[in-house]
Amino acid sequence: MGGYILKRLLLAIPVIFGITVIVFLIMAMIPGDPATAILGSYATPDNVAKINRDLGLDKPLVTRYFIWLWNMLHGDFGTSFSLNRPVIDEVLERFNNTLILAGTSFVMCTVLGIIAGSISAARQYGFADKAITFVVLLGISIPSFFLGMMMILFFAVDLRWLPVSGMYAIYGGGDLPDLIRHLTMPALALAVVATGVVARLSRSAMLEVLRQDFIRTARAKGVGEGRVIWGHALRAAMVSIIPVLGIQAGFVLSGAVYIEIVFQWPGIGRMLVDAILQRDILLVQGGVVFVAACYVIFNIIVDVAQSLLDPRIKT
Amino acid sequence: MSAFFKLLARNRMALGGLVVMGLVVVLALITPLLPLIDPDVTNTADRFQPPFSPGHLLGTDQLGRDLLSRLLWGTRLSLAVGFAAALFAAVAGAAVGIIAGFYGGRTDNVIMRGVDMLMAFPYILLALAIVAALGPGLVNALIAVSVVNIPFFARNIRGITVGLAHKEFVDAAKLAGMSNRRIILSEILPNVIPVIVIAMSTTIGWMILETAGLSFLGLGSQPPQADLGSMLGEARSALITNPHTSVIPGIMILIIVMSINLLGDGVRDALDPRLKSGALSRPMAATRVDRKDKPAARTQTEGLLSLENLHTQFHVKNRVYKAVSGVSLSVKPGECLGVIGESGSGKSVTALSIMGLVASPPGVITGGAARLEGRDMIGAPYPELRSLRGRRVAYIFQDPLATLHPLYKVGDQLIEAISCHRAISKSDGRAKAIDLLRSVRIPNAEERIDSYPHEMSGGMRQRVGIAMALANDPDVIIADEPTTALDVTVQAQILSLLNDLRRERGLAIIFITHDFGVVAQLCDRVAVMYAGRIVETGPTMAVLDAPAHPYTARLIACVPELGAGKRKLEAIPGLPPSVDELPMGCAFAPRCLRAQEACQQGEIALAGEDTRAVRCLFPETTLAEETA
């Protein structure tokens, strides 16, 4: 197992390397002059030349790439000009907040989606199946940002159950119950779409498995129907559900951008959108590379979980 | 193609989606013709008018612009952008996919590694990076969304192209000296286009959502132009004071995406051939029972297990397949009954019906009884049925690689067979499981108990299947072709093992097979099935020596004999009849050399003495002669 994990990690290195190349190339497409964008009305020729020298923009593209890569390997992602702060500090702080939000959503969508999909399959064509199918369809069709706004209107404005936005109360907040109160709505809004997708997939995976001969064997042994569904069938269905969870994590992370804007959540998605509007290129570059690398690592964890679950996979 | 549209039309949800989508598209197309107020004319005196205000059916926004007009123009823009993004992604993705798939080798490798790399991004990061580089704007958002979706198309199309690139017609075109470009355009592309169109139709909703999302973030369409996303984005600041400005565009996006999803699902279902046959339904915990006449729940029976006039059918759409039509048989303790017939004769269905294990849907038990010591199990409630399964009546199935759970250790599967009928401690369970493995002569049982099924040989797995059936000392074992997947020596070992177990434990065995050789080795009595009925029954030796039914005679003639000289092996001409359209009278008549007109004119009864009977008007040997 250790060897397998090591192999997967080594294979991830070229992928992360490729990601840095893609991000760098996209950023190099920027029309016009970043220095002008940074300086705005202070863009005198002298100032532009100085900024270009400071940022290394006077050097050739390839050299610039390797300088950037080398610095990143040393933990130096550059300095954000709009925040006047090291990129890595800002990224780590914001990413931590995003992880709280997206992580909660991810757990919710996994658990709820698998349960809903399994019930749906076990009760195929029954009332529960039809109800779940409809809710799932609604869930995957509603834009998460719209859902978030409607939740604010209903739960925060009308019912006054939950705070409208933010991560902590401005006065006297900061403890865990406060965080949970602030987290509930955005995490739920973010989880809805992914839950729908996971539920659909789980349903079809369970239907596929329930037709297999080994399910009939379990029933022939006298295994109770509850254990047949939640034990034998789900265990086998997880083999095809887990790989999709890795993809879903990417969707949750992506959806987090919208949810962070709607709920004023101080996460990395909001940071990226602000950075784009400010044309703070180093911050965008650093943020994207960091999150993408984390996503690659997460997918390795998913693969390892898969190999633990399925003894037939050679590790 | 017409079948496809029929299926689609039958799906009411998909049809609903199609109608709604059609309405939205028509509305978007005729928007310029409608007598609408200019969507960009501001009138700050009239800001935030509620819906149904005079002159503004849906009210006005924060700048006093007419919301109805903005909604329709915004819908038009969103649809156009979503469609354009899907088209762009499809064309670019298809080009990449076709090139990679057609040329293969290094080209393929390099391209697909690049595609993998793009897929390593959570999609929005890539889209944001592209917008960051190009600057906010609707066209740039469109480019970003398209680029992000190129890998999806490239992968799909490449897969299909790889399949096509090795087909005969492509080889023929190459031999004819056509250039690669012409082959791609005239041979590959026409075959790939349907796939592209379908993939596109299923992703359009997604594209609309994505571009709306970027506009919502302020990175897409820029004021005063507005698509649905930016309308929602602008309305957000007034969400609490004037929710209608947010609700209206939001609902519109929901309607569009939902109708596309409904339609997409319908298309997918209509295209999936497995759904057409209705095969993708899961079997329930017990076979559905729908008997017109309910037999007595309890009567005195002679055998330990006996079937009375069992009928099992498969109801698929409007067709009824009569898999078992009136089978009666019984076994006593210590006795082995062989049930023999070709595949499709209904022998397995008969066996599975006993414990309600016929897959249902589509299976339905429509008549008869299966009695264990007189108690009818077919009408029994599920908890009772479950407690009998494996404890009193156990099954051994064919092909243990498919019938054992692939992800559980064989030991755990054995222990479970015990523990679902009585509480047993972990260590006792393990000890008992090792005993069971030993009793079916598995060497190193202590080690084998921790193996997974895929780590064992076919013969070993079959032994595990037998051990599992023995776990609770059942009274009856139903063995459904347990040796069919095995080679001859292993088959002989398994048969002698079963024979020993029967003698030692006084088991009653119903042994299902298509092989008379196996029946001769193991069974005391035999019942021959054809097209869902028993056509002949009797003591094994009597039937083998003097088969009465022509079908039995032909089956026996199929068995090769060692050292029997140059006997001609005869296959039976023709195929068994389809059990949804059984002919009148004898079902074997069309394949039978002795058949006469009378054979197909009416029901033929199973006639004979109590143990020896045949369903034939012109038997090979008359039973009376034989007994005389």
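Reader: How are helix 5 of chain A and helix 11 of chain A oriented to each other?

Author: In this predicted model, the axes of helix 5 (residues 87-122) and helix 11 (residues 268-278) of chain A come within 7 Å and cross at roughly 130 degrees. Angles of 65 to 115 degrees count as roughly perpendicular and those over 145 as roughly antiparallel; helix 5 and helix 11 of chain A are therefore oblique to each other.

Reader: Which residues meet there?

Author: From helix 5 of chain A come A:Glu90, A:Val91, A:Arg94, A:Phe95 and A:Thr98, and they meet A:Ile268, A:Gly269 and A:Met271 in helix 11 of chain A. The residues of this contact divide into four nonpolar, two polar and two charged.

Reader: Now the two chains. How many residues does each give to the contact?

Author: Chain A gives 60 residues and chain B gives 59 residues. On the side of chain A that touches chain B, the largest share, 10 residues, comes from helix 10 of chain A. That side divides into 41 nonpolar, 10 polar and nine charged residues.

Reader: And the sheet in chain B: in what order do the strands run?

Author: Eight strands form an open sheet in the order 7-8-9-4-10-11-13-12, with mixed pairing. Strand 7 (393-396) and strand 12 (607-608) of chain B each have a single partner strand, so one side of each is left without a neighbour in the sheet.

Reader: How many bridges join strand 8 to strand 9 of chain B?

Author: Five bridges join these strands of chain B, which run parallel. B:Ala479 stands opposite B:Phe511 in strand 9 of chain B.

How values were computed. Residues are numbered from 1 along each chain as its sequence is written. Chains are lettered from A and ligands numbered from 1 in the order in which they are written. This is a predicted model: local features need pLDDT of at least 70, side-chain atom pairs count only at pLDDT 80 or more; totals for chains, interfaces and linings use all residues. Axes are lines fitted to C-alpha atoms, for helices over the stretch in contact, and angles run from 0 to 180 degrees between N-to-C directions. Helices (H or I, at least four residues) and strands (E, at least two) are DSSP runs, numbered from the N terminus. Angles under 35 degrees count as roughly parallel, over 145 as roughly antiparallel, 65 to 115 as roughly perpendicular and the rest as oblique. Two residues are in contact if their C-beta atoms, placed from the backbone, lie within 7 Å. Ala, Val, Leu, Ile, Met, Phe, Trp, Tyr, Cys and Pro count as nonpolar, Asp, Glu, Lys and Arg as charged, and the others, Gly among them, as polar. Two strands pair if DSSP finds at least two bridges between them.
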